[in-house]
Amino acid sequence: MGGDFKDRVTIYEVAKAAGVSLATVSRVINDTDSVKEETRNKVLSVIKKLGYKPSGLAQALATNKSTNIGVIIPSANYVYISNMLTGICEVCKENNFTVTLYTTSHSRLDAINSIEKAIKSHADGVIVFDDELNEEDIEMFNSYAVPVVAVNNRIVASKIACINFGYEHIFKRALKDFFVKGNKKMTFLHVHNAGRLLSRIENAFIQTHLENDREYDIINCDDSYQRTYLDFKERFKKKRKEYVIAYRDSIAAAVLNAAHDAGLSIPEDIEVLSLIGTKYSSIIRPTISNFYIDMQEVGRRAMYMLSDLINNTLFEKEYRIEAIYVKKDSTRF
């Protein structure tokens with residue numbers, strides 16, 4: 001029982017207890033020369049005290065290469081994530097790679113464990129799409145020379161490339177265009193644990209409203225169609241005019257259906273915009289205006305970049321994909 005417990009100690013806990021970075025711990029494990037003796041001794045003391053077993057990680061770069069690609073994501077349930085996985089798998093099939101999927105459940109410690117598992121699996125390379133991970137976490141891969149492509153996380157290193165999403169510029173432009181043409185008060189739906197991208201867009205929403213001296217609302221919203229529908233059905237009992245900005249299509253659909261059932265007209269009374277558009281924006285009636293990035297193409301691009309990174313033939317390590325605004329029936333402009 002004691003051995004099983006010790007195996008659960010992570011490199012993140014070692015770094016925290018020693019007061020050093022994850023990269024420093026990994027360098028100590030790999031016995032590199034770039035760590036001060038005092039720091040090395042402190043880390044080794046913590047490793048011994050916590051009973052951390054680094055052998056699996058330390059041997060992660062065994063000479064026998066695998067054909068396994070690790071993919072770390074927060075959830076496979078969202079359509080836009082599954083679209084990205086489809087693109088990744090298409091390219092993996094072309095190259096006879098297998099894919100191992102790690103989901104992180106919106107927990108940074110869970111994400112760190114996923115990194116360790118990916119390294120222990122002797123993966124040829126890893127694609128990471130997880131807003132819980134910071135730059136230091138992803139650099140742990142670099143310290144083990146595991147090639148990584150980070151999606152929606154701007155970081156570049158010797159073995160790390162990235163794909164960035166451009167949202168804020170086009171979003172601000174859409175808001176300013178509405179300020180000129182429309183007069184409804186805008187409401188932004190804040191979803192807890194939705195990641196850094198939504199936080200960035202929310203900050204852009206607030207900043208643009210303040211710069212243009214416009215009133216706005218921000219309300220908390222569960223990442224659930226049913227809960228959002230019930231909340232807005234209650235909200236729309238008072239007839240109102242409102243422009244609602246939702247995280248993704250299913251949440252936008254909940255607002256639209258609540259408005260319809262309350263006898264409100266779309267888009268005359270209620271306008272709704274989805275920040276992450278998928279195929280459902282065209283299936284739902286009325287169709288939903290949205291910001292769109294082809295996530296299947298993102299998956300393909302990430303896998304092509306990773307393949308080149310593995311083969312030391314990737315020269316442009318940062319790639320940016322801009323979202324586009326797609327006007328449909330749920331907004332007037």
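The model is predicted, with pLDDT of at least 70 required for local features and 80 or more for side-chain atom pairs, while totals for chains, interfaces and linings use all residues. Residues are numbered from 1 along each chain as its sequence is written, and side-chain values use heavy atoms, without hydrogens or water.

I placed Asn152 in the loop between strand 4 (148–151) and strand 5 (160–166); strands (E, at least two residues) and helices (H or I, at least four) are DSSP runs numbered from the N terminus. Asn152 counts as buried because its relative accessibility is 7%, the limit being under 20% (1.4 Å probe, protein chains only). I noted 6.6 Å between the C-alpha atoms of Asn152 and Phe129, which lie 23 residues apart along the chain.

I then traced the open sheet: six strands in the order 2-1-3-4-5-11, with parallel pairing (at least two DSSP bridges between two strands). Strand 2 (98–103) and strand 11 (318–322) stand at the edges with a single partner strand each, so one side of each lacks a neighbour in the sheet. Strand 1 (residues 68–73) and strand 3 (residues 125–128) pair over four bridges, and I found Ile72 opposite Val128 in strand 3.

Lastly, I checked helix 7 (residues 108–120), which has 13 residues. I listed its buried residues, among them Ile112, Ile115 and Ile119. Just after helix 7, His122 takes a positive phi of about 60°.

Note on methods:
Expected span 1.5 Å × (residues − 1). Buried < 20%, exposed > 50% of the residue type's maximum accessible area, 1.4 Å probe, protein only.
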